[in-house]
Amino acid sequence: MRFAEVTLSAPLDVRDFYGGELGLPLDGGTIVIGETRLRFDVEEGGAFYHFALLVPGDRFAAALEWAQARTKLLGDVFEFENWDAEALYFHDPAGSIVELIAHHGLEENSRSGPFAAAELVGFSELGIVGDRKSRLRDLEAEGLELWSGTVDEPDRLAFVGEKGRTLILAPPGRGWLPTDRPAEPHPVQYLLA
């Protein structure tokens with residue numbers, strides 16, 4: 001599973017942040033993040049999301065330095081021992097909670113030296129807020145599987161897809177790491193490859 005295209009809503013144009021601050025390539029109105037093409041529809045309102053960008057599994061320390069030089073991080077580095085992963089978080093100008101996550105052993109590139117935006121592999125996670133059970137049924141009908149978490153407990157997340165490329169099914173109101181900002185449903189479109 002790969003995130004080929006993702007379209008989100010934002011209350012303002014955030015391309016300057018992704019293209020300028022983070023140095024990601026722009027293709028017209030599209031932000032190119034490795035294998036993923038990200039678009040934002042500028043709309044009134046307070047749409048925000050949680051999504052993660054995949055860092056090569058052996059490049060997290062360099063990606064941490066890169067991110068610290070470009071944006072204010074939200075808290076410390078998070079270690080996910082069950083997933084053998086490390087992550088960091090920051091806000092984009094629209095208030096979305098953006099994560100950089102490295103799963104050790106996944107997409108490793110054996111590079112050294114300073115991290116470059118071009119090393120980002122693509123989307124790793126995309127939060128989908130709403131009725132988790134019905135969304136899971138729809139995703140299973142498309143051949144995707146629940147690989148971690150559950151939809152049977154009210155405040156738990158469900159992770160669908162595969163390690164490193166995951167749709168996160170979240171109930172409305174559950175706090176997103178690391179801010180605990182309550183999850184809200186907002187328009188989201190995605191194309192998986």
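## Salt bridges

A search of the whole structure finds 11 salt bridges, where a salt bridge is a side-chain nitrogen of Lys or Arg within 4 Å of a carboxyl oxygen of Asp or Glu. The model is predicted, and local features need pLDDT of at least 70, side-chain atom pairs count only at pLDDT 80 or more, and totals for chains, interfaces and linings use all residues. Residues are numbered from 1 along each chain as its sequence is written, and side-chain values use heavy atoms, with hydrogens and water left out.

Side chains of opposite charge can pair when their charged atoms come close.

| Arg-39 | Glu-5 | 3.6 Å |

The salt bridge of Glu-5 with Arg-39 links distant parts of the chain, with Glu-5 in strand E1 (residues 3-10) and Arg-39 in strand E4 (residues 36-42), 34 residues apart. Helices (H or I, at least four residues) and strands (E, at least two) are DSSP runs, numbered from the N terminus. Glu-5 counts as partly exposed, at 31% relative accessibility, and Arg-39 is likewise partly exposed, with a relative accessible area of 26%. In these terms, buried means under 20% relative accessible area, exposed over 50%, and partly exposed in between (1.4 Å probe, protein chains only).

Lys-133 is partly exposed at 42% relative accessibility, whereas Asp-152 counts as exposed at 60%.

## Aromatic contacts

A pair of aromatic rings is described by the distance of the centres and the angle of the planes. Rings of Phe, Tyr and Trp (its six-membered ring) pair if their centres lie within 6.5 Å; planes under 30 degrees apart count as stacked, over 60 as edge-to-face and the rest as tilted. By this rule the count comes to 11 aromatic pairs. The rings of Phe-51 and Phe-123 are stacked, because their centres are 5.0 Å apart and their planes stand at 15°. Phe-51 belongs to strand E5 (residues 50-55) and Phe-123 to strand E9 (residues 122-129), so this pair ties together parts that are 72 residues apart in sequence. Phe-51 is buried at 0% relative accessibility, and Phe-123 is buried with a relative accessible area of 0%.

The rings of Trp-147 and Phe-159 have centres 6.4 Å apart and planes at 55°, so the pair is tilted. This pair links distant parts of the chain, with Trp-147 in strand E10 (residues 146-149) and Phe-159 in strand E11 (residues 158-162), 12 residues apart. Trp-147 is partly exposed, with a relative accessible area of 28%, whereas Phe-159 is buried at 12%.

One aromatic cluster is formed by Phe-17, Tyr-18, Phe-40 and Phe-90. A charged side chain also meets a ring: Arg-181 lies over the face of Phe-48, at 3.4 Å from the ring centre. A charge sits over a ring if NZ of Lys or CZ of Arg is within 6 Å of the ring centre and within 35 degrees of the ring normal.

## The largest pocket

About 320 Å³ of space lies in the largest pocket. Of the 18 residues that line this pocket, the closest to its centre are Phe-80, Trp-83, Leu-157, Phe-159 and Leu-177. Strand E8 (97-103) and E10 are the elements that give two or more residues to the lining. On a 1 Å grid over the protein atoms alone, a pocket is an open set of points where a 1.4 Å probe fits, with protein on both sides within 12 Å along at least five of seven lines; lining residues have an atom within 4 Å of a point. The volume is the space filled by probe spheres set on the points. The lining divides into nine nonpolar, four polar and five charged residues; Ala, Val, Leu, Ile, Met, Phe, Trp, Tyr, Cys and Pro count as nonpolar, Asp, Glu, Lys and Arg as charged, and the others, Gly among them, as polar.
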